[in-house]
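Colleague: I would like to go through the charged pairs and the open space in a model. Could we take them one feature at a time?

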Amino acid sequence: MVAEPIVGAIAFLVVLVVTLPALAGLSDAPGFAHLTSFRLICGLGWFVVALMLAPFVRRRYPLVIWLLVVAVLAGAVNSLFVVARGTGDELTGKPRRAASLLTLNTLGGAASVPELTNLIVRTRADAVALPETSVEVAREIADRARARGHDLQVFGGQQSPYSFGQTSLLVSYTWGGYQAKDTPDTGLGAIVVEPRRGRGPVIAAVHSPPPMPVRVERRMWPWLLGADAAARLCRTGQADVVLGDVNMTPDHPSLGKLGRCRDAAGEVGAGAMGTWPARFPAAFGAPIDHVFLDSVRWRAMRASTVRVSGTDHRAVVVYAARNEKPYDS
């Protein structure tokens, strides 16, 4: 029948657009943006479709056979994205002369403070971004870490009156004294700090909105603008290290426009390690929490995720090395 090739071609195009929405300029569209956030789940979903079609193959319906092949291809492509990007390794000791960078969305400060403090001390974290965390909670964490011999300075920023609009940043005193500087609006809170004496990395902790469409326009402008503002800090050289919850994965627009900036996890074969929701295994979650590094001054070495009770995000821990004399004039 003539209709079968047409239906098969339409099915193929639909699957292609759903799997690779960027080809049709839909990577920032509602639905498409959400599906690509969970590559492995989508891949398994397509394999399930293929299994449902398999019993009908014996009847030799050309359309069914074609649809089964398309479903298998879609499942394979989604799964290969995860395999190619990698899901990281278990957390190991801090390499010699490496910087330890950590970010965790604490769900409005609900994350276990003792567990988080233990993680910070265990990794000897030099910079810690804490989206959805008040300065008061950040100070409690710093006090606990100080009692265990790890001294941290505390900074905070708030761009909305709600708990999820507060972002805090802890910086180790081993990097010298820091001070806050002008902070861009990333939608849900950000803080940028610079060394007092003009040497060392400029660090930013950021939090941008989730991909939720604006009711009137049905577009996700707050998500797009917030994530772009966060990525722009690193892309334009305003900050050398940018950490936080960007609510975007490598398949979304802003993470494809980083310039000389690099997503640390992606650089070390951990670009698919999911950080939300934390109840999912890392391979099944959405990688929306990131550490961005200026590739001229930094290179990533290792990356991993860690579960901290009380929050729906996993912590991201990145070990990175500075390039030789990166801040010398």
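Modeller: We can start with the charged pairs: the structure, which is a predicted model, holds eleven salt bridges.

Colleague: Which residue meets the side chain of aspartate 251 in a salt bridge?

Modeller: Arginine 39 does, with N to O at 3.1 Å. The two residues come from distant parts of the chain, 212 residues apart: aspartate 251 is in the loop between E8 and E9, and arginine 39 is in helix H3 (residues 39–53). The strands on either side of that loop are E8 (241–245) and E9 (261–263).

Colleague: Is aspartate 251 buried or exposed?

Modeller: Buried means under 20% relative accessible area. Aspartate 251 has 16%, so it counts as buried.

Colleague: Leaving aside neighbours within four places in sequence, what is aspartate 251 in contact with?

Modeller: The contacts are Ser27, Thr36, Arg39, Phe81 and Arg85.

Colleague: How should I read the pair of aspartate 151 and arginine 146?

Modeller: Take the distance, then the accessibility. Their side chains form a salt bridge at 2.7 Å, N to O. Aspartate 151 is partly exposed, because its relative accessibility is 33%, and arginine 146 is partly exposed at 38%.

Colleague: Which residue forms a salt bridge with aspartate 240?

Modeller: Arginine 297 does, and the closest N and O atoms are 3.0 Å apart. Aspartate 240 is buried, with a relative accessible area of 2%, whereas arginine 297 is partly exposed at 26%.

Colleague: Which residues do salt bridges with shared partners join into one network?

Modeller: That network consists of Asp228, Arg232, Arg235 and Lys257.

Colleague: Now the open space. How much of it lies in the largest pocket?

Modeller: The general idea is to roll a probe the size of a water molecule over the atoms, which shows where empty space is left. Here the largest pocket holds about 310 Å³. It is lined by 18 residues, and those closest to its centre are Pro210, Pro211, Asn247, Trp276 and Ile288.

Colleague: How many residues of that lining are nonpolar, polar and charged?

Modeller: Eight are nonpolar, seven polar and three charged.

How values were computed:
Residues are numbered from 1 along each chain as its sequence is written. This is a predicted model: local features need pLDDT of at least 70, side-chain atom pairs count only at pLDDT 80 or more; totals for chains, interfaces and linings use all residues. Side-chain values use heavy atoms; hydrogens and water are left out. On a 1 Å grid over the protein atoms alone, a cavity is a set of points where a 1.4 Å probe fits but cannot get out, and a pocket is an open set with protein on both sides within 12 Å along at least five of seven lines; lining residues have an atom within 4 Å of a point. Grid points are joined across faces, edges and corners, and a volume is the space filled by probe spheres set on the points. Ala, Val, Leu, Ile, Met, Phe, Trp, Tyr, Cys and Pro count as nonpolar, Asp, Glu, Lys and Arg as charged, and the others, Gly among them, as polar. Helices (H or I, at least four residues) and strands (E, at least two) are DSSP runs, numbered from the N terminus. Buried means under 20% relative accessible area, exposed over 50%, partly exposed in between (1.4 Å probe, protein chains only). Contact means heavy atoms within 4.5 Å. A salt bridge is a side-chain nitrogen of Lys or Arg within 4 Å of a carboxyl oxygen of Asp or Glu.
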